[in-house]
Amino acid sequence: MTLAEQLVEIAQRPKSEADLARAALHLLDWLGCIAAAQGSPAGQSALRFAGLSQLAEGVSPDARAEETAFVMGALGNVLEMDDLHRASLLHVGDVVCAATLAAALARGVSGPALLSALVSGYEVAIRIGSAAAAQGYAPWYNSATCGVFGAAMASAEIAGLAHPADALAQAGMGASGIWQCRLDPGTGKQLATAQAARSGLVAAQLVEAGFTGPNRILEGELGFFATYYPDADPHVVTAQPDADFAIHEVSFKPYPACRHTHAAIAAALDLAGPPPARVEVATYGAALTFCDNPAPETAHEARFSLQHCLAVALTRGAPGLADFEAAARADPVLADLRARITLCEDAGMTAAFPRQMGARLTLWSPDGAARSRSRATAPGDPEDPLSTAAINAKAHRNLCHGGASPEAATGLIEACHALPEARDLTPLRRALTRALTHGAADAPLC
């Protein structure tokens, strides 16, 4: 059997009630993220490209699944609130949720079928991503290059394909997304996840139309690992085939900032007190590469600034969306504290990355007294999970930020939690339409 065929067998194991409930939480969390981002410049650009006036049009019965997957795939990472699997360096939901929901709405499947496909898609993406990220970051954007396989797996399961491995083969031919999008301003990350969501869904459609192979897309001498990730460990793909589904290893983000800042933010909140005279952050090398920016000039840069995130946490508490906008960036109190924060690398934390993303924070008071706090994990990680109530509250805030009425936001949350028992997706589609049309009373009910 090829790696893809073995992976399909692992992903298509029976799912438990707990697996489906977990998938519903990830779908809900992602829906809040895309709703909050739909009015952003990136969100508006994606909608214009697809010829949509609002995101709700993408969930109408007349919408083309490929367009829906693309538009929704573009939005999940805009505000940096997307879920993350540490070992694979994957924001899985950005790609897999977009493709799975688009495919499920187009096919009219049941709630359990949607959630089962999500679990399978997460499994495939995470196992491939964990193999690819065995040595840490590569020049490729894993959420796209590895996420496309998860999107294909989920879409193939929704379509009831007899040979889903063929969809993984076609997905590999469409894998793309390089990390230059991290270094230059723009919406390259949004294109990468949008394209991966659409490519994964189209891969399944192609197989349904008769396309086949290349079956050794992962392990072949010119395959995915050999060409994209030569330092990968392909054995990870099929290791522990009977382990709990990997979706349970995925972290939820409580703060709208790069995950590399979260352990430091949590440590700062643990050390709440008078403003310090100076601050030192010790963390792993990748966090410094991504998030050393003492003077962010945009909201996006601020979300990737350890200095800004810590200044907010130490003076205002847990960061929210407004804490990254122009007024907050120009706040003289925050600017002064950013300048007094120094960063350094901790060799042990670097060695533990990416399976751990920790930080150690030391605060000095004006009289020279020091207080320190270390965090190997952050709130939202499997070791420090967010409660269902906290995930619901995050989704409610994000949906309302995107324009939904409180009632419409609550309705969508309830519809997501009802999916494990839903015979069809009509209640979900209606709740989505209401929430994504800003709670309009005359919104069509599909």
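This is a predicted model: local features need pLDDT of at least 70, side-chain atom pairs count only at pLDDT 80 or more; totals for chains, interfaces and linings use all residues.
**Entry 1, the sheet.** I began with strand S1 (residues 278-283), which pairs with S2 in the parallel sense over five bridges; two strands count as paired if DSSP finds at least two bridges between them. I noted that helices (H or I, at least four residues) and strands (E, at least two) are DSSP runs, numbered from the N terminus. Looking along this pair, I found Val 281 standing opposite Leu 343 in S2.

I then looked up the whole sheet, which is open and has four strands in the order S2-S1-S3-S4, with mixed pairing. Its edge strands are strand S2 (341-345) and strand S4 (370-375), each of which pairs on one side only. On average, neighbouring strands of this sheet are turned by 15 degrees against each other, direction ignored.

Residues are numbered from 1 along each chain as its sequence is written, and side-chain values use heavy atoms, with hydrogens and water left out.

I found helix H13 (residues 262-270) lying across S1, strand S3 (359-364) and S4, running at about 135 degrees to S4; axes are lines fitted to C-alpha atoms, for helices over the stretch in contact, and angles run from 0 to 180 degrees between N-to-C directions. H16 also packs on the sheet, touching S1, S2 and S3, and its direction makes about 125 degrees with that of S2. Contact here means heavy atoms within 4.5 Å.

How many of the 10 residues of helix H16 (residues 306-315) are buried? I found nine, so the helix is mostly covered, where buried means under 20% relative accessible area, exposed over 50%, and partly exposed in between (1.4 Å probe, protein chains only). Among the buried residues are Leu 306, His 308 and Cys 309. Just after H16, Gly 317 takes a positive phi of about 100 degrees.

Not counting residues up to four places away in sequence, Cys 291 touches Cys 258, His 260, Thr 261, Phe 304, Ser 305, Leu 306, Gln 307 and Leu 343. Cys 291 and Leu 306 are 15 residues apart in sequence and 5.4 Å apart in space, C-alpha to C-alpha.
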